Amino acid sequence: MYLSEVKGKGGIVARVVAASQSAYCDTKMTTLEIEFPRFILAEVNTHCMLEKNAASSRAIPVAKMLENLKESHATPIHWGKNQAGMVADKEVDAEVAQKAKELWESAFSTVESICYEMIDLGIHKQVANRLNEPFQIVKMVISGTEWNNFFYLRMHEDADPHFQELARCMYEAASKAEYETLYEDEWHVPYVRTYREANGKRYYLDNNGDYISTFTARQVSASCCAQVSYRKCDDSIEKAEAVFDKLNIGSKTKPAHASPTTHQATPMNLPTDVKTRPDMWPEGVTHIDRYYDCWSGKLKNWIQFRKLIANESKRG
């Protein structure tokens with residue numbers, strides 16, 4: 001399932017689930033599954049050139065969330081000493097750090113008790129789980145072609161120590177992964193098994209070993225990316241169809257929640273004269289930059305599955 005895995009401090013993990021190289025240029029498409037303290041989620045989300053799906057507090061029952069947190073919850077890996085500015089480059093001494101850890105655990109125990117009282121009151125998870133968010137280890141699927149600025153900013157010594165650790169694990173995992181070269185109409189599909197035959201790339205599921213169509217492979221991949229809240233992923237075709245129905249993907253009357261379809265892509269193969277002719281662009285190409293690279297949403301030189309879905313966004 002995973003092409004590589006790197007485990008870091010504080011429950012931080014980075015796993016590469018799909019790594020693809022375009023046959024027509026040097027642009028790579030990489031998808032990682034990452035786990036990290038939710039208290040840096042806002043910072044991770046500032047990187048708008050990367051596509052993301054993260055586990056939601058609104059999707060996990062409160063009792064199940066508390067059960068997960070008892071097993072493992074987020075604890076700071078760096079106890080910075082108070083000083084002016086955003087960067088705490090020095091830590092407190094060991095004795096003070098131990099007292100701070102005890103206070104952190106005390107806070108978790110208090111929040112845990114309050115969340116159970118919320119359950120007894122019948123309060124919905126979208127409210128009660130907000131209280132325990134600082135202690136959550138969140139899972140996210142993150143994909144993109146534009147990683148250089150992410151690593152440049154977040155592996156820097158001035159970045160939050162937890163984000164530094166996450167970025168380091170992601171960088172190492174991506175460096176260890178073996179990238180497969182893909183050709184036109186061959187798809188980068190996280191969580192779907194693939195096999196290259198003499199006549200091209202094939203897709204299949206472990207549960208029965210039968211080949212599936214390219215569309216079904218994209219559908220199953222998107223379904224798995226949408227299931228990041230679950231400990232065990234269901235990669236069945238039946239689940240994929242149910243997820244697409246719930247997300248209104250392809251609906252003519254309801255708004256689509258199409259973010260899980262941003263992680264699947266196929267390389268562009270466009271001659272130079274076509275790049276400057278929008279009327280000749282294939283479906284899914286959205287714009288061109290000053291360097292004559294074509295884009296599909298946030299993906300450079302790759303056509304994104306989302307951009308092939310009719311109701312993927314509201315226009316006008």
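Throughout this talk, two residues are in contact when their heavy atoms lie within 4.5 Å. The structure before you is a predicted model.

With that criterion in hand, let me begin with Leu166. Setting aside its neighbours within four places in sequence, Leu166 is in contact with Ile12, Ile34, Glu35, Phe36, Ile40 and Val44. Leu166 also belongs to the largest nonpolar core, which has 26 residues. The residues with the most contacts inside that core are Leu32, Ile34, Phe36, Leu166 and Met170. Two or more core residues come from each of strand 2 (13–22), strand 3 (28–37), helix 1 (41–45), strand 5 (137–144), helix 5 (148–154) and helix 6 (161–176). Which element gives the largest share of this core? Helix 6 does, with six residues. A second, separate core holds 22 residues, among them Ala217, Ala240, Val243 and Ile249. As a general remark, nonpolar side chains in soluble globular proteins tend to be buried together.

Strand 2 and strand 3 are antiparallel and pair over eight bridges, and a hairpin of five residues connects them. Strand 3 is also joined to strand 5, again antiparallel and by eight bridges. Thr30 illustrates both pairings: Ala19 stands opposite Thr30 on one hand, and Thr30 stands opposite Gly144 of strand 5 on the other. Is strand 3 mostly covered or mostly open? It is mostly covered, with nine of its ten residues buried.

Strand 2 also contains Gln21. Its relative accessibility is 16%, and Gln21 therefore counts as buried, the limit being under 20%. Beyond residues up to four places away in sequence, Gln21 touches Asp26, Thr27, Lys28, Tyr179, Glu180, Thr181, Leu182 and Trp302. Two of these neighbours, Lys28 and Tyr179, interact with one another: the charged end of Lys28 sits over the ring of Tyr179, 4.5 Å from its centre. A further arrangement of this kind involves Arg218, which lies over the face of Trp187 at 4.5 Å from the ring centre.

Let us move to helix 3, residues 94–121. Its 28 residues, at 1.5 Å a residue, should span 40 Å, and the end C-alpha atoms are 41 Å apart, which agrees. Which residues of helix 3 are buried? They are Ala97, Phe108, Val111, Glu112 and Cys115. The buried residues of the helix pack against helix 2 (62–71) and helix 4 (125–131). In an α-helix there are 3.6 residues a turn, so residues three or four places apart point the same way. After helix 3 comes Gly122, with a positive phi near 80 degrees.

Helix 3 also takes part in the aromatic contacts. The structure holds 13 aromatic pairs. In one of them, Trp79 and Trp104 have ring centres 6.4 Å apart and planes at 85 degrees, so this pair is edge-to-face. Trp79 lies in the loop between helix 2 and helix 3, while Trp104 lies in helix 3, so the pair ties together parts 25 residues apart in sequence. Trp79 itself is buried, at 14% relative accessible area. Ring pairs link Phe39, Trp79, Trp104, Phe108 and Phe135 into a cluster.

Strand 8 (residues 200–204) and strand 9 are joined by two bridges, and Tyr203 has Ile212 as its bridge partner in strand 9.

The other sheet is likewise open and antiparallel, with three strands in the order 11-12-13. Here the edges are strand 11 (287–288) and strand 13 (299–300); each has a single partner strand, so one side of each lacks a neighbour in the sheet. Two bridges join strand 12 (residues 294–296) to strand 13, where Lys300 is the bridge partner of Trp295.

Phe215 is partly exposed, with a relative accessible area of 42%. Between Phe215 and Lys254 there are 39 residues of separation in sequence and 21 Å in space, C-alpha to C-alpha.

Note on methods: Residues are numbered from 1 along each chain as its sequence is written. This is a predicted model: local features need pLDDT of at least 70, side-chain atom pairs count only at pLDDT 80 or more; totals for chains, interfaces and linings use all residues. Side-chain values use heavy atoms; hydrogens and water are left out. Two strands pair if DSSP finds at least two bridges between them. Helices (H or I, at least four residues) and strands (E, at least two) are DSSP runs, numbered from the N terminus. The expected span of a helix is 1.5 Å times one less than its number of residues. Buried means under 20% relative accessible area, exposed over 50%, partly exposed in between (1.4 Å probe, protein chains only). A nonpolar core is a set of buried Ala, Val, Leu, Ile, Met, Phe, Trp, Tyr and Cys residues joined through side-chain atoms within 4.5 Å. Rings of Phe, Tyr and Trp (its six-membered ring) pair if their centres lie within 6.5 Å; planes under 30 degrees apart count as stacked, over 60 as edge-to-face and the rest as tilted. A charge sits over a ring if NZ of Lys or CZ of Arg is within 6 Å of the ring centre and within 35 degrees of the ring normal.
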